[in-house]
Amino acid sequence: MNFKSFIAATAGKTARLSLKLLGRTGGSYPGVLALKINPDILKDLAKDYEVILITGTNGKTLTTALSVSLLKEKYPNLLTNPSGSNMIQGIVSAFLSHKVPKNEKKIAVLEVDEAYLVKIVSYLKPKAIVTTNLFRDQMDRFGEIYTVYNKILEGIELSPETTIIANGDAPIFNSANFSNPRVYFGFSNQEEGDMRAHYNTDNVLCPKCEKILNYKYISYANLGKYFCKNCGFERPQLNYSLTSIDELSLESSSFHIDGHPFKINVAGLYNIYNALAAYSVGRFMGLSIDEITSGFSKAQRVFGRQELIDIDDKKVLINLIKNPVGLNQVLDLITIQGDPCSLIVLLNDNYADGRDVSWIWDGQFEKLGEMDIKSVKVGGIRRKEMKFRLQVANFNEDEIMTLDEISDVIPAIKEAPTKYVHILATYTAMLQLRKELSQHGYVKGEID
Amino acid sequence: MKELKICHLYGDLLNTYGDNGSLLVLQWRARQKGFNVSTELVSIDEHFDSDAYDIVFLGGGQDYEQYVISKDIQNKKDSITRYIENGGVFIGICGGFQLLGHYYTTASGKKIDGISALNHYTLNQVNNRFIGDITIIDKETGEKYEGYENHNGRTFLGEGVGPLGEVELGFGNNGEDKTEGARYKNVFCSYLHGPLLVRNVHLADRIIDIAYSQQSK
C-alpha cells in the first residue's frame with residue numbers, strides 16, 4: 001500500500017470509527033472520504049482478496065446473500081457489502097471495515113450495480129463474475145438492455161482470467177464472444193415441448209440471426225431452454241442444473257440441484273435461480289454438498305425484499321416490486337397460495353422507484369383473476385393509476401378501495417377480511433411502510 | 001355479437017415503455033362496449049393480411065429490435081399501405097410512428113428506411129432526448145391528450161398529413177413546429193407514452209367507434 005492509499009484508508013477508517021462512536025453506521029461516507037483522498041484506493045484495499053462480483057437486473061441482492069451464507073461455512077469472516085451499497089463508495093466502505101484472522105483466506109463477495117461493474121473491475125481482478133439476468137428495468141435510468149450488457153462486457157474483457165458464472169437460460173449471456181472461462185447454470189426440470197415467450201417479454205431475438213427464439217421450456221420471462229429454428233443457436237451445456245422443484249410455498253422452496261435436495265427459507269421460483277447461482281459459486285469455490293446444504297438452511301430472507309410478518313391474527317407477505325419481470329414473478333408467487341386473501345398495492349414514483357410508472361402496464365395483473373381475492377386496496381403517490389390498472393385487469397371500480405396515507409395501511413391490514421394479506425410495494429413505499437411497522441413494533445430495525 | 005379484431009403488429013418485439021397498456025385499454029373498452037375482442041400477433045416472417053383486422057397497433061421498441069423490424073416490415077409494406085389506404089384504423093406509437101414514414105435516423109446517426117405509408121421523416125438529435133410530460137390539443141375534436149414523451153427522433157410532417165394535436169406543453173414531434181403525432185385517413189400516430197390510451201381513454205373510445213363504423217363500409 002503506498003502512502004496516499006495509507007492516508008486514504010486511515011481517514012476512511014477513522015471516519016467510520018467516529019461515526020460508530022456517535023451511534024451511526026456511516027453508510028458509504030467512509031468510502032466517499034477515502035476515495036476523495038485516493039480515487040484508486042480500491043486497488044490497494046482489494047489486493048490480497050479473492051473477489052466474486054455479482055451483477056444483473058434482478059436477484060443480485062439475494063444471490064449475494066445466499067452465496068455469502070454458503071461460503072461462510074468455510075470462510076466465516078468473508079467480506080460482503082450490504083444491499084444497496086453496490087456502487088463504488090459502498091464497496092470501498094465495506095473493505096475499510098473488514099477484518100480477517102491471520103490464517104483465514106481473504107474472500108470478498110460483492111453485489112455490484114450493472115453500470116459500475118466495469119469501474120470495479122478496473123481496480124481489482126475478480127476470481128469470478130456472476131451474471132444473474134438482464135431485463136428491462138426503469139429504462140429512464142438504466143437504458144436499453146443491450147447497452148447495459150455492453151457495459152458488463154467491457155468489465156469482463158478487462159479481466160480475461162476471470163471466470164464468468166452466467167445464467168445459461170438467458171440468451172443474452174450466450175450472445176457475445178469473449179475468451180474468459182465460462183460456467184453456466186440453468187433449469188433442467190421440465191418436459192420438453194416447443195413454445196415461444198409471452199408476447200410482452202423483452203429480448204426474444206436470436207442474437208446470431210435475428211429471428212425469434214423458440215423454447216423447449218420456459219421457467220419465466222425469457223429464461224429457459226432456448227433454441228433458434230433458423231440457425232441452430234441454442235442454450236449452452238449447463239455445468240450446474242436445477243433438476244427438480246419439489247415444493248413452493250410462501251415460506252420456503254424445496255428443490256434438487258444436480259440431484260441433491262436443498263431447501264431455502266425464501267419463497268418464489270425466481271429465487272431458486274438465485275439459489276442455483278449461489279450453489280454454482282459454492283461449487284466453484286470448492287464447497288462440499290454438505291457445506292452447501294448447511295449454508296442454505298441458515299440463509300435468511302433478504303431484508304426489505306420479501307418479508308412474512310404477523311400482525312395480530314394476519315399473515316402478511318410484503319414483496320418489493322420494481323420492474324415488470326420482478327412484478328410478474330411476485331404475482332406468480334402469491335398465486336401459489338390457494339387460500340382467500342386480501343391485496344394491497346402501493347405505487348410510488350420517487351426517483352428510487354423510477355419516475356415513469358408506465359411499467360405497471362407490462363405487469364400481468366390479469367393473473368390475479370386466478371386468485372380468491374376478497375379485498376383490494378391501493379395506496380402510494382400514484383394510487384389513482386394503480387387503481388385504473390386493476391380496473392383494466394377486470395376488478396370493478398367500486399371494489400377497489402383507496403388508502404390516502406401510508407399510515408392507513410396497518411389499519412387496513414387489521415381490518416382485512418382474510419387471514420392472508422399480500423402487499424406489493426415499490427421501493428420507497430416499502431421503506432415508508434417498514435417505518436410504520438417498526439414504529440408499531442411489528443418489525444425491528446430499518447433499512448439504511 | 002359485435003366483433004373487434006386487433007392486430008398487434010410486432011407485438012413481441014415492440015413493447016417498451018408500457019405501451020402494452022394502450023392495447024389492454026383498447027381491449028377493455030371494446031369489451032365494455034359489447035364487442036367480442038380478438039387479438040392476433042403478427043411478427044417477423046409472418047404475413048400481414050390487409051383485410052383481416054379492424055385495428056392495427058404498432059408500438060415502440062429498443063433500437064436493436066426496431067432495426068430488425070425495419071428490414072422485415074419492407075415485406076409487409078404493400079399490404080400495410082393497402083390497409084391504410086382502404087381506411088383501416090392504425091395506431092403507431094413512437095418507433096411505430098417513425099416506421100410508417102419515409103425514414104428515421106437513429107441516435108448514432110444511422111438512417112433507416114420506413115415504409116413511406118405516411119408522408120413524414122425523422123431526424124435525430126445529438127446527445128439529447130425530448131423527455132417529460134406533454135399535453136396536446138386535438139384541433140379536430142378540441143380534446144386534450146396527456147402523456148409522457150421520451151424520444152431522440154425529430155419528426156417532420158409532409159403534405160397531406162396533419163398532426164394528432166398541437167403542443168400545449170412539451171416538445172412534440174420536433175420541438176420546433178408545435179405539431180405532435182400524425183393523422184392521415186384513419187391512422188393515429190403519436191410519441192405519447194404514459195401509455196397514450198391509458199391516459200386518454202376518450203381517444204381509445206373514439207378509435208374503437210371509428211373502427212366499428214369502418215366495418216359497415
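In what order do the nine strands of the open sheet in chain A run? In this predicted model, local features require pLDDT of at least 70 and side-chain atom pairs pLDDT 80 or more, whereas totals for chains, interfaces and linings use all residues. Residues are numbered from 1 along each chain as its sequence is written, chains are lettered from A in the order in which they are written, and side-chain values use heavy atoms, without hydrogens and water.

The order is S2-S3-S1-S4-S5-S6-S9-S10-S11, with mixed pairing; strands are DSSP runs (E, at least two residues), as are helices (H or I, at least four), numbered from the N terminus. Strand S2 (79–80) and strand S11 (260–264) of chain A form the edges, each pairing on one side only; pairing requires at least two DSSP bridges between two strands. Strands S4 (residues 128–131) and S5 (residues 163–167) of chain A pair in the parallel sense over four bridges, and Thr131(A) has Ala166(A) of S5(A) as its bridge partner.

Helices H4 (residues 60–71) and H10 (residues 289–298) of chain A pack at about 130 degrees, with axes 7 Å apart; axes are lines fitted to C-alpha atoms, for helices over the stretch in contact, and angles run from 0 to 180 degrees between N-to-C directions. Contact (heavy atoms within 4.5 Å) is made by Leu66(A), Ser69(A) and Leu70(A) of H4(A) and by Ile292(A), Gly295(A), Phe296(A) and Lys298(A) of H10(A).

Between the chains, 33 residues of chain B are in contact with 28 residues of chain A.
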